[in-house]
Amino acid sequence: MMPPGGGGGGRGGGPHGRVQFLTEEEKKNRAKVTLPFVKRILSYLSPYKLQVFWIILLNISHAGIGLLPPLITASIVDKALYGKNGKLLLILIGADLVIIIVSGLLQLLQRYVNSKLSQNMIRDMRNEMYSHLTNMSQSFFTNERPGDIITRMTADIDGVQNVLTETLTSLISNIFVIVFTAVTLFAMNWMLGLVSLILVPLMQIPTRWAAKKRWLLTKEAQEQRDIQNQQVSETLSVSGSTLVKLYNREEKEISSFRATNDKVTDITIKEQATGQSSQALMQFFTQLGPVIIYLTGGLLLLKNTGMTVGTIVAVVALVSRLYMPVASLFNIQVTFTRSFALFERIFAYLDIKPEIIENSTPIHRQHIKGDVTFDHVSFSYRKGRPVLKDVDFTIPEGKTYAIVGISGAGKTTITNLIPRLFDVDKGAVRIGGIDVRDYSLTDLRKGIGIVTQETYLFNGTIRENLLYAKEDATQEEMEAACRAANIHNYIASLPDGYDSMVGNRGLRLSGGEKQRISIARVLLKDPDIIILDEATSSLDSIAEDSIQDAIEPLLVGRTSLIIAHRLSTILSADKIMVLNDGRIEEMGTHSELIEMEGTYRKLFDTQFKRAVGPAVS
């Protein structure tokens, strides 16, 4: 299995060692559980203040009404049963039933509001994460593991849903229940009230121990899930699964997945065992409370202090009502502690600053036209390992330049700098005399069309992939672009025509068909600057000849840069640049470069000459 982010410098691979860089950043800028950190979490509640108000109001109402059943029970025992008052018994039981129904309705309404708040906030958080990641620099996606991105977008955000809503609302509810219940206990009998609170401090012992341990286990489990998701996304993708089969790595990958899965399982079991141990200790204390109340209340009853059986029963019921929210509060502490580990991971992503930042006062242009100039440009993906070294050239407006060189020389890097997929380290890239860093990113990229060697199609219809370039394109415009790219007849022959599905990454199409659709997509965009990165590499000779006829008129009047390995494409250029070891070594027409008998002549002799015969010079 290929390591994530691998690849040669000339193809945009290996930049900055992002995985290690992120780990160091997380350690350096670790989000501690401080007031600003908590405020940042609570900020997701800010747009829903009205819903929070209703939740608080419902919780107060529910907490107050919940006190009535134990008090009614005391009256039932002392006045109705001991007093043998049947009418009062029916009235009290009827009142109890009404309270139970009202309490249930309040709880149902509270859960509905909680659920609505929960889903809205998770939607907002996921939208924020997706928007942030969409605007990240290309180097982020080149280096970051896809499994990490998927985990943060899904599992991590889902994991904090509980703390954002149910836990927070439970916290509010439990505080009111505890306060109301404690006051009622002391009002009924201060001695029993005092005894009821004795066990409360002891309940924090198991939770403190569990919180610290589960914090570490949760972070470790998420790290292993990242690795697991990465393996799934790589080996079960179309290209990955093919590679696994071709190299007979099925058993190795299965073994590797099982090993990671075993680690996740072991860590999860330890985490759950820690929580269960904490709950068992908590349950012991909650069951011990009523026993102490019965003992204390019984002694007071036997000493004729005015204590009644109904009061003891009511206090026991209230103690159970007191201990449950106390235990829940301590569990909330554990839940918060576990969730902070997830928030750290989410905030770590949200705090990564995009490397490509638009100028505060960008220059807007409807058309991006003019000479394309590389003014002494130097660039490196990884510090200390330059890919481009003092590259200096100008493509006059409307001209077509080709660039050749061995693999890894930096050809694709040059094309990536023009639309600002990366920014230069030194020097400047200018279009029409304006630094590309000063243009509006939207306008800049709208004016540039790129056809890459590795065509990417979304898993949708041909129509959807074409409309990605121009969403309001008419059927006539799409067909014209596809005719120019020599793919319309093929699309028309399909049962569903332009509504045919292309499959995952265009799997249902051949390499040449995908390439032509990609070219049609750029034609539909109608850009001012064209970049062809070995755009005909996936085509056979016949297909290349037919599509070359469409490409050449397309380049007329547009500034164009072509990376090509085929002589026919190179010969159509106004000038050819030879890139070697990150520098422009030679520049000229085909004939001029042949006469120089330098690097281009060597490339021609080894790569092109055998395809055209010795007569070409």
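A: A nonpolar core is here a set of buried Ala, Val, Leu, Ile, Met, Phe, Trp, Tyr and Cys residues joined through side-chain atoms within 4.5 Å, where buried means under 20% relative accessible area with a 1.4 Å probe, protein chains only. The model is predicted, so local features need pLDDT of at least 70 and side-chain atom pairs count only at pLDDT 80 or more, while totals for chains, interfaces and linings use all residues. Residues are numbered from 1 along each chain as its sequence is written, and side-chain values use heavy atoms, with hydrogens and water left out.

The largest nonpolar core has 37 residues, of which Ile462, Leu466 and Tyr600 touch the most other members. Two or more residues come from each of strands E3 (400-404), E7 (529-533) and E9 (575-580) and helices H15 (462-467), H16, H18, H21 (590-596) and H22 (599-612); helices (H or I, at least four residues) and strands (E, at least two) are DSSP runs numbered from the N terminus. With six residues, H18 gives the most to this core. Apart from it lies another core, of 36 residues, including Ile76, Leu92, Ile149 and Phe340.

Helices H16 (residues 475-484) and H18 (residues 511-525) pack at an angle of about 130°, their axes being 8 Å apart; axes are lines fitted to C-alpha atoms over the stretch in contact, and angles run from 0 to 180 degrees between N-to-C directions. That angle makes H16 oblique to H18, given that under 35 degrees counts as roughly parallel, over 145 as roughly antiparallel, 65 to 115 as roughly perpendicular and the rest as oblique. Glu477, Met478, Ala481, Cys482 and Ala484 of H16 meet Ala520, Leu523 and Leu524 of H18, contact meaning heavy atoms within 4.5 Å. By class, this contact has seven nonpolar, no polar and one charged residues, with Ala, Val, Leu, Ile, Met, Phe, Trp, Tyr, Cys and Pro counted as nonpolar, Asp, Glu, Lys and Arg as charged and the others, Gly among them, as polar.

Elsewhere, helices H4 (residues 68-81) and H5 (residues 86-134) pack at about 170° with axes 10 Å apart, and H4 and H5 are therefore roughly antiparallel. Among the residues making the contact are Ile72 and Ile76 of H4 and Leu92 and Ile99 of H5; Ile76 and Leu92 also belong to the core of 36 residues. The contact of H4 with H5 has 12 nonpolar, one polar and two charged residues.

Note on methods: Buried means under 20% relative accessible area, exposed over 50%, partly exposed in between (1.4 Å probe, protein chains only).
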